Amino acid sequence: MKTNWLKLALAVLLVTAAMLFTQTSAAQSAPKGKIAVVVSTLNNPWFVVLGKTAKARAIELGYDATIFDSQNDTAKEAANFENIIASGYKAILFNPTDANGSIANVLKAKAVGIPVFCIDREINSTNAATAQMLSDSYSGCVKLGQLFVKTVGKEGEYAELLGIVGDNNTWNRSKGFHSVVDRYPGLKMVAQQSGEFDRAKGLEVMESILQAHPNIKGVFCGNDSMAMGAYQALVAAGKDKDVKVFGFDGADDVVKSIAEGKIVATGMQFPKKMAQQSAEFADEYIKGKRDFAQKIAVPVEVVTKENVGKYGDYGKK
Amino acid sequence: MRAVRWFIAIVVIAGVCWLFPLFHVVTLKTAAAEKAAVTFNATLFAETFWTNQLVPALPKCSPAEALIALIQTDPAVAKKKYSRGAGGGDSYFYFVSGAGKIIAVSDDEISIAVTAGSTNAEISLQTGLIFGNALRDGTGLLSPSDYPNSQDYNDISAALNHIVETSVLPNLKAQAKVGAKISFAGCAEVDDEAADLKPLKVVPVRAESNPAP
């Protein structure tokens, strides 16, 4: 009987010691708590860089960080938020899937006191997120539009590949570009279709545009994945030397293609800078800061063959 | 008795539905009008902003002669003293006014020397098609944080540029002659210092030229 009691006491002691050890290890690995990084899609290298950089910076600042992939689906995004709210995260670094559809998720987090910091893509609200760090897509595409006119000329047919239609970036880029090119009546847009920010879709759409409009002189793409897809379609059609391709993002493969003279230009968005800054904002919030600017427009720079040497690795060298 | 109960139940249900209707019937015309009422009108906003905020702010412009002198000698000091930044990037803005002498006129620009005795183009008033956000972002009077949808904020730029093209440039282009004196106020965006500082490219808010003596 006495032996049984001793065994039981020893077991309790061991379990208690193991629990204490586990808690101490967890505390040592994440003394400040957990930060969630919710990314619209990990099917695009640009967003992978955005998510990984935000996660890495959060870990550097002393947090445990996890990336959640919304797969460009607001329902999946909502499920991610439910999971995050239930799991005791202290802040969310958020790349939304839909400017309107994502607001409800942000409000749910806000209701339980979890701050949300939007990165790159915005939500159409000024009282849901704590702060939104957004690429100034419009201004970047005004500059790309001016370069487009200079490169393609003031006359001729061209096409446009739009991104996801529910995303504000799609329209800010398109409107910035058109604020310039629409001023030149000789430039005629013969096709405007969504490639959903996706390389395979961009290729598919470009193939069909080329069949219907073989004389286009240029194509403006709402992101670099679609630009790479469009370029692939042009190579397959033997038109890569005739049609000027313009992208947007500053993805590494496009920056290399600009250096090689395959793609004319892109807009460098600095995803690493935005992701790092958002993680730092979350850290500042957790430490007590509350006065954040609601929307911060991060300038976009145009990358061309002339200045491509200054850019690489999703930013300035 | 049963009929009375039914009557009371129907009256209660009807009363609740009247107080808290399950749906509203709205004509398509009314719905369209309501939607238009909440849609941001960038043109109207820009016109009001121009009259009520931008023009009254012109006395706060940096003096062109002092700014140009600093740009010539030390652009970094000029930037520190007179510019305002945008979002943490490399580009920045000047909100500037001054007077000078027209030294060249083309379809897209009026070149002005503001330094006494200078014959160099130190200011380039932009008179072609106006693009970009110099007027929206150059004064510090507007902030993206005030607009739930950035598309509205961006539409303001296009509307302000339209006002310049339609209300400022026609008179200016008609008056501007080489050798004439000119006074001006406007905003300059500097993206690339090598290309944008010498001369400083200014989108005019106000510009008046007098014939050469």
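Which residue of chain A forms a salt bridge with B:D191? In this predicted model, the partner turns out to be A:K143, and the closest N and O atoms of the pair are 3.5 Å apart. That pair belongs to the contact between chain A and chain B, where the salt bridge count comes to three.

The rest of that contact can be sketched quickly. Chain A brings 29 residues to it and chain B brings 26. Interface size is often quoted as the accessible area lost when the parts come together. Here, about 2,000 Å² is buried between chain A and chain B, with 45% of this coming from carbon and sulfur atoms. On the chain A side, a trio stands out: A:Y138, A:R183 and A:K295 supply 27% of the area that chain A buries against chain B, more than any other three residues.

A look from the chain B side brings up B:N133, which sits in the loop between strand 5 (123–126) and helix 6 (134–137) of that chain.

Now for chain A as a whole. It runs to 317 residues, 54% of them buried, and contains 10 helices and 12 strands. Its C-alpha atoms fill a box of roughly 95 × 40 × 35 Å along the principal axes. Among contacts with a separation of 6 or more, 74% are between residues 24 or more positions apart. The accessible surface of the chain is about 13,500 Å², and carbon and sulfur atoms account for 55% of it. As for charge, there are 37 positive and 33 negative side chains, and the centres of the two sets lie 5 Å apart.

A few backbone details also deserve a mention. Most residues other than glycine have a negative phi, and most peptide bonds are trans. A:Q71, in the loop between strand 2 (64–69) and helix 3 (74–86) of chain A, has a positive phi near 50°. A:D120 also has a positive phi, about 70°, but this residue is found in strand 4 (residues 116–120) of chain A. With a relative accessibility of 1%, A:D120 counts as buried. Over in chain B, the peptide bond from B:K198 to B:P199 is cis, with omega near 5°; B:P199 itself lies in the loop between helix 8 (193–196) and strand 7 (200–210).

How values were computed
Residues numbered from 1 in each chain as written. Chains lettered and ligands numbered in written order. Predicted model: local features only at pLDDT ≥ 70, side-chain atom pairs only at ≥ 80, totals over all residues. Heavy atoms only, no water. Helix = DSSP H or I, 4+ residues; strand = E, 2+ residues; numbered from the N terminus. Buried < 20%, exposed > 50% of the residue type's maximum accessible area, 1.4 Å probe, protein only. Contact = heavy atoms within 4.5 Å. Areas by Shrake-Rupley, 256 points an atom, 1.4 Å probe, with all protein chains shown as cover. Lys, Arg positive; Asp, Glu negative; His and termini not counted. Charge placed at Lys NZ, Arg CZ, Asp CG, Glu CD. Buried area = accessible area lost by both parts, 1.4 Å probe. Salt bridge = Lys/Arg side-chain N within 4 Å of Asp/Glu carboxyl O.
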